[in-house]
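Thanks for coming. I will go through one model this morning, beginning with a local detail and ending with the contacts between its parts.

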Amino acid sequence: MVDENQIKEWLKQGIINKEQATQMLKDSTSKKNEKESNEFFSIIAIIGAVLILVGIAWLIAWNWDDIPDFVKVLILISSTIIAFTIGVIAREKNHEGVARALILLGAGLYLLSLFLISQIYNLATNLQHYAWILFLSWTVIYLTAYFLDSKENLLFSIILFFIWVVIQYVVGTENLIYNEEGLIITFILIFLSAGSLLFGLSSLHHSIQHKFTNMYRFWTVFYFLVVFYILSFQQILPIISEYTFESGAFTGFLIFFVILCTIGFIVGILFATNKNPNSLKEILSFIGIIVVLLIMIFSTKFGAGLVGTCNPLYCYNIDNAAKCNDVKEDLFCEWKNNYCMEVSCYNYNNEIECNNVQGDLSCEWRGNYCTETNCYNYNNETECNNALENLSCEWRDNYCITTKNWIATKKEISLQQNYERCELYNNQKDNCLSQENCDWNAGQNYYKSSIPLIIWFLWIVNNIIFIGFILLIIWYGQKVGSENIVNLGLGVFILDILTRYIGFWMDLQGYLAFSLLAIIGGILLIFGAWFVPKLRRKLLEQTQQKEDNLI
Amino acid sequence: MKKEYIRLIAIILIILFILISFIIYNQLPLLIGKKIILATNPVDPFDPFRGQYMNINYEISTLENTQKFEINEKVYVILKEDEEGIFRMQDLSRNRPDEGFFIRGEVKRVYGNTMSIEYGIEQYFFEKSAKLPTINITIVAKVDNFGHAVLKEMLYNGKPLEIEYKEFKITS
């Protein structure tokens, strides 16, 4: 489609006369209006499809017993087939909006059919089963996107793919001991790999001028923006810095996924460069971005062990009987049912064991539980008055309360001392771990003033790179004529400003800081309300021209 | 025939193939499997996509780990019927037994000498708001020659369970 400026230029150069120019402008405007109107009705039809899916999902969850199982399955499978068939016929008859909605509806009904069958056969409700259902869904819906030429199904399958990857990965880490460091870096790795795979696919599609190119571009940008966003948090940098490749978080599935994505990326770019050597520049820029990201991740090592809390070791942090027994006296732990537990009346689940507890603990068996002997346990006057003498209980205002002054127990004194001793080694990982019964928690630091310079430096550099990447994305969106990418770039820019603003609000406290931040925030919002829509309009107009020229 | 219709037929065939295979895989033990009855200890949660269900913990869900099984390892639990008709654990094996009653599970957790095993029959879906007893429940399952079990029905005091349904209203 040609734009107004182009027509004026042709008129000026004498390529077309005034009459032709007027007619062309009229045609161009009417086509544009028709396109916008079609798009609007397509969106309405798609909302309709989503509503139908929500309704059917609700009916499945109702699990109506009066309808025989095979009838339920038959209804859903035939609805799936009918939706796809009518969708294809509607497209033939030029009802594009309805066709798109029905093909999406077919994909959704297929997904619901899988859930219905797993309900009928009472299949597992664990994460692995969800992962299987999602795998069977995204693969088939991905095929429908190509076979039935459906942008919506491609979007649906990319979303399901993303959920599948995360769930399948989490299944493999379910049995891990809590390992925050490893988990953050592995999620970054998942997003990076998925982004690279999508870039490979977008290059491949671009080289054959496929209409799905911009969809892949959008999701590539999305995944990379997520990674940059994660790396823009000051609190997360010290946590990432403690990653080790020996961590159990690097599961077999993760390695398989990274290899698969790398292969997809390589195949995509090889195909693209073979078909169109000009794409090499874009590919090299993309590899440059990956290198920058990897440098950002590896550079966190400069701040390793400098930010964190030195906490007292707790019984539940210990995973072996020998160590548990070693700290028995200091931390009041006991090895029970293969766990290291704090000595407590609740650890005993039968009356005999409960009544025979020795040492500082005083337990009693009440209402099928072993509880610590306490005045509050008694809820009538007689029991209260007959309580053990050392408890000094008294019935007052319908409650049994103790009249004894609170004196810290040996256990409470010991735990408090441990806490004070370990706290001295906050932000000093090596010294913390060399202390007896102290444990290091990276990143958990509430004393902002003690954040080392290197972390501030890395954080500022990361945020500058992040802003630079957003600007690059907005420029890229314009270059390739994708309004969605431009909108995504602008959206993330606003999100970044909001996040940093909230961050400053949390970091800087006090009346003056509060009032300054409120005033600056207000000015930013008013300025943003004027500037962002203006900028967005301008960018979208330019992008639209580019898109029209491409058409 | 037009290219679009050929593609449509291809996608319908793929979908039918996957859905029918999924059904057959789960239906097979019900058709050819051996019937076993297992003792239970149920609770009652909700699944957003499949509705209300009962979470069933079997007597054979927690067993003594005498053979040092590891997490995610396959385990064949060899069963023997007692005088009440309930199938209880007789032995454990890493390999599929050639004959007799057995069920295949996967070790999910190991605590010292005990381990928790899942058999894929730990849930029973039922109509929303229907009333089900949660005590004296036993489960009838069918197990095929590979030890793959599918839950068939629920027994209350040894008899097929009669579910009490809530009266249906359009606003319910």
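Strand 6 and strand 7 of chain A make a hairpin with two residues between them, and A:Asp397 in the turn has a positive phi of about 50°. Strands here are DSSP runs of E of at least two residues, and helices are runs of H or I of at least four, numbered from the N terminus. This is a predicted model: local features need pLDDT of at least 70, side-chain atom pairs count only at pLDDT 80 or more, and totals for chains, interfaces and linings use all residues. Residues are numbered from 1 along each chain as its sequence is written, chains are lettered from A and ligands numbered from 1 in the order written, and side-chain values use heavy atoms, without hydrogens and water.

A:Cys393 stands opposite A:Thr402 in strand 7.

Next, chain A against chain B. With contact taken as heavy atoms within 4.5 Å, 43 residues of chain A touch 44 residues of chain B. The buried area is about 4200 Å², and carbon and sulfur atoms give 67% of it. That is the accessible area (1.4 Å probe) that two parts lose on being put together, summed over both. A:Trp62, A:Tyr121 and A:Asn122 supply 19% of what chain A buries against chain B, more than any other three residues.

What about salt bridges across the interface of chain A and chain B? The rule, a side-chain nitrogen of Lys or Arg within 4 Å of a carboxyl oxygen of Asp or Glu, finds zero there.

On the chain A side, the elements giving two or more residues are helix 2 (18-62), helix 3 (69-92), helix 4 (96-120) and helix 5 (127-147). Helix 3 of chain A gives the largest share, nine residues.

Last, chain B by itself. An automatic or database domain assignment divides chain B into domain 1 (1-32) and domain 2 (34-160). Their centres, taken over C-alpha atoms, are 30 Å apart. Five residues of domain 1 are in contact with eight of domain 2. Between these domains of chain B, about 600 Å² is buried, with 63% from carbon and sulfur atoms. Zero salt bridges are found across this domain interface.

Terms used
Two strands pair if DSSP finds at least two bridges between them.
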